[in-house]
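I begin with a term that the later points rely on.

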Amino acid sequence: MTATVPSECRMANDIARNLGHLPGEEAAGAIAGHIGRFWDPRMRARLYAFVDAGAEGLDPLVVAAVKRLR
């Protein structure tokens, strides 16, 4: 059985892949900036809940970005 990855996690990982060429801290800041500017508060809340639940399968840059957003 395959677990379904929440769309917010898939999108956040896509953003991390697109910005992963930047140095670590800069990439995390750029990801946080994108999520903060363009994501609806409900989407951010679901991403935060996923991180709180263990962030399995989530790019470490996304986790760092979430820490910055909080």
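1. In this note a residue counts as buried when its relative accessible area is under 20%, and as exposed when that value is over 50%. The model is a predicted one, and the points below should be read with that in mind.

2. The protein chain contains four helices and zero strands, so that its pattern along the sequence reads α-α-α-α. Its radius of gyration is 11 Å, which agrees with the value near 11 Å that a compact globule of 70 residues would have, while the C-alpha trace spans about 35 × 25 × 20 Å along its principal axes. Buried residues account for 36% of the 70 residues.

3. Helix 3, which runs over residues 41-52, reaches 16 Å from its first C-alpha to its last, close to the 16 Å expected for its 12 residues. Its buried residues are Met43, Arg44, Leu47, Tyr48 and Val51, and because they cover an arc of only 140° around the axis, they lie on the same side of helix 3. An α-helix has 3.6 residues a turn, so residues three or four places apart point the same way.

4. The buried residues of helix 3 pack against helix 1 (7-19), helix 2 (24-38) and helix 4 (60-69), whereas the face turned away from that buried side carries the exposed residues Arg42 and Asp52.

5. Just after helix 3, Gly54 takes a positive phi of about 125°.

Conventions:
Residues are numbered from 1 along each chain as its sequence is written. This is a predicted model: local features need pLDDT of at least 70, side-chain atom pairs count only at pLDDT 80 or more; totals for chains, interfaces and linings use all residues. Side-chain values use heavy atoms; hydrogens and water are left out. Helices (H or I, at least four residues) and strands (E, at least two) are DSSP runs, numbered from the N terminus. The expected span of a helix is 1.5 Å times one less than its number of residues. Buried means under 20% relative accessible area, exposed over 50%, partly exposed in between (1.4 Å probe, protein chains only). The arc is that of the directions from the helix axis to the C-beta atoms. Contact means heavy atoms within 4.5 Å. The radius of gyration is taken over C-alpha atoms; the globule rule is 2.2 Å times the number of residues to the power 0.38.
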